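Take a look first, then read on.

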Amino acid sequence: MEDKTAQSPVETTSSMIAQEIREGIAAGRYKSGEKIKETDLCRQFGVSRTPVREAFRLL
């Protein structure tokens, strides 16, 4: 039996949110010192607080 997880890495919701935040910082959507609110991200991505909190931990 072949291990398919090694062939196609699974991107989690948290990692996708973290990547979006990184890209937002690089693009200037988030300014230096600006607070990024958990509730705003939950609303923006249509997710609960858990994946947003995990995204913060990944960053």
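This is a predicted model: local features need pLDDT of at least 70, side-chain atom pairs count only at pLDDT 80 or more; totals for chains, interfaces and linings use all residues.

The protein has three helices and zero strands, so the order along the sequence reads simply as α-α-α. Of its 59 residues, 19% are buried. The exposed surface comes to about 4700 Å², with carbon and sulfur atoms supplying 52% of that area. As for how the chain folds back on itself, take the contacts between residues at least 6 apart in sequence: 51% of them join residues at least 24 apart.

Here are the helices with their residue ranges:

| Helix | Residues |
|---|---|
| α1 | residues 13-27 |
| α2 | residues 38-45 |
| α3 | residues 49-58 |

Now for the helix pair. Two packed helices are described by the angle between their axes and the distance between the axes. For α2 and α3, the axes come within 9 Å and cross at roughly 115 degrees, and the crossing is right-handed. On the α2 side, E38, L41 and C42 make the contact, while α3 brings R49, V52, R53 and F56. Sort these contact residues by type and you get four nonpolar, three charged and no polar.

Leaving out residues up to four places away in sequence, S14 touches P51, E54, A55 and L58.

Terms used:
Residues are numbered from 1 along each chain as its sequence is written. Side-chain values use heavy atoms; hydrogens and water are left out. Helices (H or I, at least four residues) and strands (E, at least two) are DSSP runs, numbered from the N terminus. Buried means under 20% relative accessible area, exposed over 50%, partly exposed in between (1.4 Å probe, protein chains only). Contact means heavy atoms within 4.5 Å. Accessible areas come from the Shrake-Rupley method with a 1.4 Å probe; for residues, only the protein chains shown count as cover. Axes are lines fitted to C-alpha atoms, for helices over the stretch in contact, and angles run from 0 to 180 degrees between N-to-C directions. A crossing is left-handed if the near helix is turned anticlockwise from the far one by less than a right angle, and right-handed if clockwise. Ala, Val, Leu, Ile, Met, Phe, Trp, Tyr, Cys and Pro count as nonpolar, Asp, Glu, Lys and Arg as charged, and the others, Gly among them, as polar.
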